[in-house]
Amino acid sequence: MRRFLRLLFLRLSGRSHRWRWAFFGLLSVLALSLSVACSGAFLPNSSANQSSPSEATAPQPSPAPAEPPLEPTAAPLPPETAALVASAGPNGLYDPPRKDLRLVVISDLNSAYGSTTYDPEVDQGIQLLPFWRPDMVIGGGDMIAGQSPSLSASQINAMWAAFDRHVAGPLRNFGISFGFTIGNHDASGARNSANQFVFQQERDLAAAYWQAPEHDPGLQFVDRYEFPFFYSFSLGDVFFVSWDGSTNTLPADKLAWVEQTLASEAAQQAKMRVIISHLPLYGIAVGRDKPGEVLSNAEELRQLLERYRVHTYISGHQHAYYPGHRGNLQLLHSGILGSGPRALIAGDASPYKSITVVDIDFDSPELTTYTTYNMQTLALVETASLPRSLTGHNGLVLRRDVAWEELGTAEQNACIQKLSQALCGGLQGVAEDALEKRPGAA
């Protein structure tokens with residue numbers, strides 16, 4: 001019985017707080033039932049407790065007032081998790097207030113080409129999941145260290161096996177689902193002059209890994225389409241689309257599927273829509289702010305997503321954390337957990353590895369709150385410490401709490417001189433026009 005309850009808790013502990021309270025309520029009912037059943041053996045008329053006449057007629061003390069029920073408490077953390085939490089300082093690791101749903105976003109886990117080992121921050125991030133208790137983990141791609149023609153099938157399979165040991169296996173054991181996108185080091189979509197995939201073997205083996213029943217990511221699929229490259233799924237009232245952003249171009253037929261999917265009743269009736277892609281729309285990091293390192297036609301894609309009221313675009317690849325927005329589209333540039341963090345194209349902060357907890361509150365106009373940790377120090381990354389805006393080669397990205405009108409004249413002019421008015425400010429009207437043209441708009 002004890003083993004059954006422990007396994008049940010491990011499954012439910014990765015779900016929302018409402019499920020956990022339901023679980024503790026079930027335990028309370030079971031405990032009360034057992035207590036009543038056991039007390040029957042000690043009633044006065046019980047054959048095991050026959051009392052003498054004098055004892056039966058003696059005055060009985062008044063029953064003590066019932067004590068208030070104890071508040072349910074979370075299960076003890078695994079020792080490795082507890083040690084990490086304690087190492088964050090005298091008050092332990094900060095745990096943000098829970099809302100309706102909680103996501104933990106990780107990205108770019110890989111090390112050198114062909115590596116079957118992971119940096120300590122990857123293992124630490126996974127070990128901290130019981131502390132954060134997310135409803136789902138989101139992966140921004142680059143789970144393994146491929147994208148090399150010299151890698152054999154056995155080497156690629158060994159990398160996926162290592163990923164399963166370090167990441168996917170623990171997630172399954174915790175009962176936490178994993179929504180992810182394919183990165184260029186997982187199964188690059190690069191094509192040659194004959195329009196054939198350069199890394200066809202890596203794509204085949206990635207598909208074989210994810211389509212194996214024993215590697216089920218635990219998602220509520222809406223459309224498996226070309227899983228794991230293009231697919232959609234849901235979590236409560238949130239609708240997700242994962243597209244293959246491992247290269248800078250989305251084929252026309254795949255983009256048509258994306259638009260059809262976002263226009264669907266399931267997507268439009270959801271309270272929130274999210275895109276997961278490896279490459280971002282705009283460049284934000286040193287060495288990655290250039291063509292080929294972002295998706296082509298970023299402005300057209302952004303306007304498409306705004307038209308279907310996509311709230312957040314989650315990406316990796318830039319190896320730097322930045323919580324931004326452009327127009328009405330939130331842009332969560334995931335930090336890196338693996339090797340090679342990069343600096344932002346503005347500001348003087350040193351590169352660092354990070355992980356982000358996203359709490360979703362359907363009653364809040366912002367919908368999401370980010371809590372990001374520097375995984376090398378476990379300190380919080382303060383949003384105010386990040387640049388107010390980043391002017392990349394293909395567009396301005398504002399910090400998520402800053403509007404174009406709030407930038408100083410010097411900041412605005414510097415962007416316009418480097419790019420243009422269209423790629424810097426004046427997006428609000430464009431965004432509103434896009435929203436008016438969305439399906440179902442009056």
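This is a walk through the fold, from the whole chain down to single residues. The model is a predicted one, so please read each contact below as part of a prediction.

Let's begin with the overall picture. The protein chain contains 14 helices and 15 strands. Of its 442 residues, 50% are buried. Among contacts with a separation of 6 or more, 69% join residues 24 or more positions apart.

Now to the inside. In soluble globular proteins, nonpolar side chains tend to be buried together. Here the largest nonpolar core has 102 residues, and Ile106, Trp132 and Phe163 have the most contacts inside it. Helix α7, residues 153-174, gives the most to this core, with nine residues. A second, separate core has eight residues, among them Leu396, Leu398, Val402 and Trp404.

Leaving aside residues up to four places away in sequence, Phe163 touches Leu109, Tyr118, Met143, Ile144, Ala168, Phe178, Tyr209 and Trp210. Phe163 is also one of the α7 residues that meet helix α9. Two packed helices are described by the angle between their axes and the distance between the axes. For α7 and α9 (residues 200-211), the angle is about 35 degrees and the axes are 11 Å apart. Their crossing is right-handed. From α7, the residues at this meeting include Ile156, Trp160 and Ala168, while α9 brings residues including Leu205, Ala206, Tyr209 and Trp210.

Next come the strands, which pair through backbone hydrogen bonds, either parallel or antiparallel.

Apart from residues up to four places away in sequence, Thr371 touches Tyr94, Pro96, Ile355, Thr356, Val357 and Leu380.

Finally, let's look at β9, residues 322-326. Five of its five residues are buried. In a regular strand the side chains alternate between the two faces of the sheet. In β9 both faces are covered: Tyr322, Gly324 and Arg326 are buried on one side, and Pro323 and His325 on the other.

Two pairings involve β9. With β10 (residues 329-333), β9 pairs in the antiparallel sense over five bridges, and Arg326 stands opposite Leu329. The hairpin of β9 and β10 has two residues between the strands, and Gly327 there takes a positive phi near 65 degrees. With β15 (residues 395-399), β9 again pairs in the antiparallel sense, over two bridges. In that pairing, Gly324 has Arg399 of β15 as its bridge partner.

Methods: Residues numbered from 1 in each chain as written. Predicted model: local features only at pLDDT ≥ 70, side-chain atom pairs only at ≥ 80, totals over all residues. Heavy atoms only, no water. Core = buried A, V, L, I, M, F, W, Y, C linked by side-chain atoms within 4.5 Å. Buried < 20%, exposed > 50% of the residue type's maximum accessible area, 1.4 Å probe, protein only. Helix = DSSP H or I, 4+ residues; strand = E, 2+ residues; numbered from the N terminus. Contact = heavy atoms within 4.5 Å. Pairing = 2+ DSSP bridges. Axes fitted to C-alpha atoms, helices over the stretch in contact; angles between N-to-C directions. Left-handed = near helix turned anticlockwise from the far one by under 90°.
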